[in-house]
Structure formats: structure tokens, C-alpha cells
Amino acid sequence: MKARLAALLLLLESAAAADGRTAEPLGSLLRELAGEGAARIRVEGWIERDEGSRALAVRLVPEGGARLVADPGVQLVPLPGPDGRWAASEAIWLVDSGRSYFEEPVEIRLPVAEGATGSAEAEVAYGWCVVERICLFGTATVSVPLEASDG
């Protein structure tokens with residue numbers, strides 16, 4: 001399977017280069033070939049407050065025929081903020097090996113350490129498919145001021 005995927009990626013990269021599209025990301029090319037020009041995963045982040053505690057909340061919303069893969073799922077990794085460590089825990093994973101795709105948008109929360117200031121920054125990693133069997137790994141970085149109101 002990996003050999004087939006590698007061969008497909010090389011073929012697509014060669015086709016993109018021959019067509020003058022070397023600056024275009026491979027994911028865009030795959031979406032175009034799949035007929036899903038608007039397929040993407042929208043990533044949003046905000047700070048939630050609940051009785052004195054705070055959390056960085058991140059929502060992943062599939063759009064244009066995209067689907068979030070349930071296994072490997074979604075990973076949220078805190079990055080060092082400008083004012084030091086802000087997260088109260090390490091990386092968080094949301095995985096559901098009992099199904100192929102998440103049926104609804106995904107929300108995942110990372111607790112904020114007591115007294116943290118500055119901004120909450122985290123890298124989001126996820127698996128997603130444009131159409132069945134054309135799947136990619138995506139990443140995004142969210143950065144939200146810790147003083148931000150609920151979103």
C-alpha cells in the first residue's frame with residue numbers, strides 16, 4: 001500500500017511539474033483531480049472559561065466533501081507561548097478506531113495552566129480524505145490570546 005501511495009505521489013508531482021504547477025501544494029492538486037475544488041478542513045480556535053478554569057478549544061470542520069479520518073484522528077500539541085508554558089497537559093489525541101470517519105465536526109480541548117498569560121498556541125494534526133482513498137495528513141497552528149473571550 002505504501003509503495004502504491006509513493007508511486008502515486010511521484011506521478012502527481014511529475015504531472016504538476018510538467019504542467020508548470022510546481023508551486024501549487026500537492027493537496028490542492030489532489031483535490032482538483034478528485035473534483036472537489038473546495039474540499040478542506042477549517043480549523044478554528046478559542047478560549048473557553050468554566051468556573052475559573054480555561055481551555056484552548058479547537059474545532060475542525062470538514063467542508064466541500066472533505067472527511068476527517070477517525071483513526072489516526074486528531075492530535076493537539078501545545079507549543080511554547082511567548083510568555084512560556086501555557087498548557088496544563090501534554091498533547092491530546094482524539095481517535096475512534098471503531099469507525100472510518102468522524103460524522104460531525106470535531107472539538108478537542110487542552111487545559112490552560114493556572115496563571116498562564118500571553119497566548120495559547122498549538123499545532124493541530126489530522127488525517128482527512130477528499131474522496132475515499134485520496135487521503136492526506138493536514139496540520140494547522142492555532143494561536144489565541146489567553147485573555148480572549150469565549151468564542
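Start by selecting Arg 42: at 27% relative accessibility, this residue counts as partly exposed. On the scale used here, buried means under 20% relative accessible area, exposed means over 50%, and partly exposed lies in between, with a 1.4 Å probe and protein chains only. The model you have open is predicted, so local features need pLDDT of at least 70 and side-chain atom pairs count only at pLDDT 80 or more, while totals for chains, interfaces and linings use all residues. Residues are numbered from 1 along each chain as its sequence is written, and side-chain values use heavy atoms, with hydrogens and water left out.

**Stop 1: the salt bridges**

The term salt bridge stands for a side-chain nitrogen of Lys or Arg within 4 Å of a carboxyl oxygen of Asp or Glu. Glu 44 is partly exposed, at 23% relative accessibility.

Next, pick Arg 40 and Glu 63. Their side chains meet in a salt bridge of 2.9 Å, N to O. This pair links distant parts of the chain: Arg 40 sits in strand E1 (residues 40–50) and Glu 63 in strand E2 (residues 53–63), 23 residues apart. Strands (E, at least two residues) and helices (H or I, at least four) are DSSP runs, numbered from the N terminus. Arg 40 has a relative accessible area of 40% and is therefore partly exposed; Glu 63 also counts as partly exposed, at 21%.

Now move to Arg 99 and Asp 96, whose side chains meet in a salt bridge of 2.7 Å, N to O. To see a whole set of linked charges, select Arg 40, Arg 42, Glu 44, Glu 48, Arg 59, Glu 63, Glu 107 and Arg 109, which salt bridges with shared partners join into one network. How many salt bridges does the structure hold? There are 9.

**Stop 2: the disulfide**

Select Cys 129 and Cys 135 and show their side chains. They form a disulfide, with the sulfur atoms 1.8 Å apart; the cut-off for calling a disulfide is a pair of cysteine sulfur atoms within 2.5 Å. By this rule the count is 1. Look along the S-S bond and you will find 90° about it, making the link of Cys 129 and Cys 135 right-handed. Is Cys 129 buried or exposed? At 1% relative accessibility, Cys 129 counts as buried, whereas Cys 135 is partly exposed at 38%.

**Stop 3: Ser 119**

Ser 119 lies in strand E7 (residues 119–131). Its relative accessibility is 11%, so Ser 119 counts as buried. Display what surrounds this residue: leaving aside neighbours within four places in sequence, Ser 119 is in contact with Gly 81, Pro 82, Trp 86, Ser 143, Val 144, Pro 145 and Leu 146. Contact here means heavy atoms within 4.5 Å.

**Stop 4: Glu 147**

Finish at Glu 147, in the segment after strand E8 (134–145). With 54% relative accessibility, Glu 147 counts as exposed. Which residues does Glu 147 touch, not counting those up to four places away in sequence? They are Arg 49, Thr 117 and Gly 118.
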